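These are my notebook entries on a structure that I am reading for the first time. I set down what I looked up, entry by entry.

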Amino acid sequence: MNFDQSLKAIYESQGFLVVPNLISLRTIKAIRGNIDSLLENLDELPNGVILNLEGDTIADKKNSAAKNKDIRGAAFLVRFIPFFQNIAQDKSLLQHVRGILGPDIKVFRDQALFKPPGGQKKPIHQDQSYFRINPPDELVTAWIAVDDATLTNGCMHYIPESHRHGLFPVEEDPKRPVHHVPNINRIKLSPSIACPVTAGSVIFHHGCTLHFSETNHSPDWRRAIIFHYTTQRASSENSKLNEQISLEL
């Protein structure tokens, strides 16, 4: 699918862009197979790939929820696994990223979010609060649905035009310190919009766009892979992150 320049206007206005069925079903099936293989063979996980468990988000390790060993997600699949490097270079995907950012890009960071049955919600946040990219407009996240993402299993929700307010100051949630809680203060924001999508659809969002996902109330996993693209010139205020680039393009 070629990038239509009218899509950039939607992205710039709303702070996010939903593109249905951008990734082929054949590719999605291959991604599912590779994720299944990784999770079934954890002893063979490549060095550098990081797994996150549901219980990892809980500060109180005596809490029963902290003992939940369901795999919540992974990081650095692109950086260390050739298959995912190829996915991050999917022609249609890169056409859209370049349509938004321009021709010279890189995969700054990558992750996979699996949201198992009963998997916890991800509270409202901005990606920029974690990555601190400059220039701020040169970070775009590509959220790729590996399974159908529904209202029941925890699809994405976005607050339109919230990117126009820039980066909000953040506070840590004392119970789940992994979460950056934006201090919105008295700014009046638009109501959030739920974005259920079919597998293979991609949602592109600005690094400052507020977004969240709810608890997975279904018996099935809701998997997604996420690539955070920046321009070649962009870099993080956190020098360590600049040393962990997922993929140069």
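**Entry 1: cysteines**

I began with Cys-195: its sulfur lies 7.1 Å from the closest cysteine sulfur, that of Cys-155, which is too far for a bond. For this entry I took a disulfide as a pair of cysteine sulfur atoms within 2.5 Å. By this rule I count zero disulfides. I also looked up burial, where buried means under 20% relative accessible area, exposed over 50% and partly exposed in between, with a 1.4 Å probe and protein chains only. Cys-195 is buried, at a relative accessible area of 7%. Cys-155 is buried as well, at 1% relative accessibility.

**Entry 2: basis of the values**

I note that the model is predicted, that local features need pLDDT of at least 70, that side-chain atom pairs count only at pLDDT 80 or more, and that totals for chains, interfaces and linings use all residues. Residues are numbered from 1 along each chain as its sequence is written, and side-chain values use heavy atoms, with hydrogens and water left out.

**Entry 3: nonpolar cores**

I next looked for nonpolar cores, each a set of buried Ala, Val, Leu, Ile, Met, Phe, Trp, Tyr and Cys residues joined through side-chain atoms within 4.5 Å. In soluble globular proteins, nonpolar side chains tend to be buried together. The largest core here has 41 residues, and Phe-84, Leu-93, Phe-204, Ile-225, Phe-227 and Tyr-229 have the most contacts inside it. Helix α5 (residues 91–101) gives the most to this core, with five residues. I record that helices (H or I, at least four residues) and strands (E, at least two) are DSSP runs, numbered from the N terminus. A second, separate core of twelve residues includes Cys-155, along with Phe-16, Met-156 and Ile-226.

Which residues does Ile-225 contact, leaving aside its neighbours within four places in sequence? I found Ile-31, Ile-35, Phe-84, Ile-87, Gln-111, Ala-112, Ala-142, Trp-143, Ile-144 and Val-146. Contact here means heavy atoms within 4.5 Å.

**Entry 4: the cavity**

On a 1 Å grid over the protein atoms alone, a cavity is a set of points where a 1.4 Å probe fits but cannot get out, and a pocket is an open set with protein on both sides within 12 Å along at least five of seven lines; lining residues have an atom within 4 Å of a point. Grid points are joined across faces, edges and corners, and a volume is the space filled by probe spheres set on the points.

I found one cavity of 30 Å³ or more. Its lining consists of Ile-35, Leu-38, Leu-39, Leu-45, Val-49, Leu-51, Ala-74, Leu-77 and Phe-114. Helix α2 (residues 25–40) supplies the largest share of this lining, three residues. For classes, Ala, Val, Leu, Ile, Met, Phe, Trp, Tyr, Cys and Pro count as nonpolar, Asp, Glu, Lys and Arg as charged, and the others, Gly among them, as polar. The cavity lining has nine nonpolar, no polar and no charged residues.

The largest pocket holds about 970 Å³ of space. It is lined by 37 residues, of which Gln-111, Leu-113, Lys-122, Tyr-130 and Val-178 are the closest to its centre. Strand β4 gives the largest share of the lining, four residues. By class, I list 16 nonpolar, twelve polar and nine charged residues.

The second largest pocket holds about 150 Å³. Lys-8, Tyr-11, Glu-12, Ile-100, Leu-101, Asp-137, His-163 and His-206 line it. Both α1 (5–14) and α5 give two or more residues to this lining, and α1 gives the most, with three.

Not counting residues up to four places away in sequence, His-163 touches Tyr-11, Glu-12 and His-206, among others.

**Entry 5: backbone angles**

Where is a cis peptide bond found? One joins Asn-134 and Pro-135, with omega about -5 degrees. Pro-135 lies in the loop between β6 (133–134) and β7.

I also noted positive phi values. Asn-21, which is not a glycine, has phi near 55 degrees and lies in the loop between β1 (16–19) and α2. Lys-115, also not a glycine, has a positive phi of about 40 degrees. Lys-115 is in the loop between β4 and β5 and is buried, at 6% relative accessibility.
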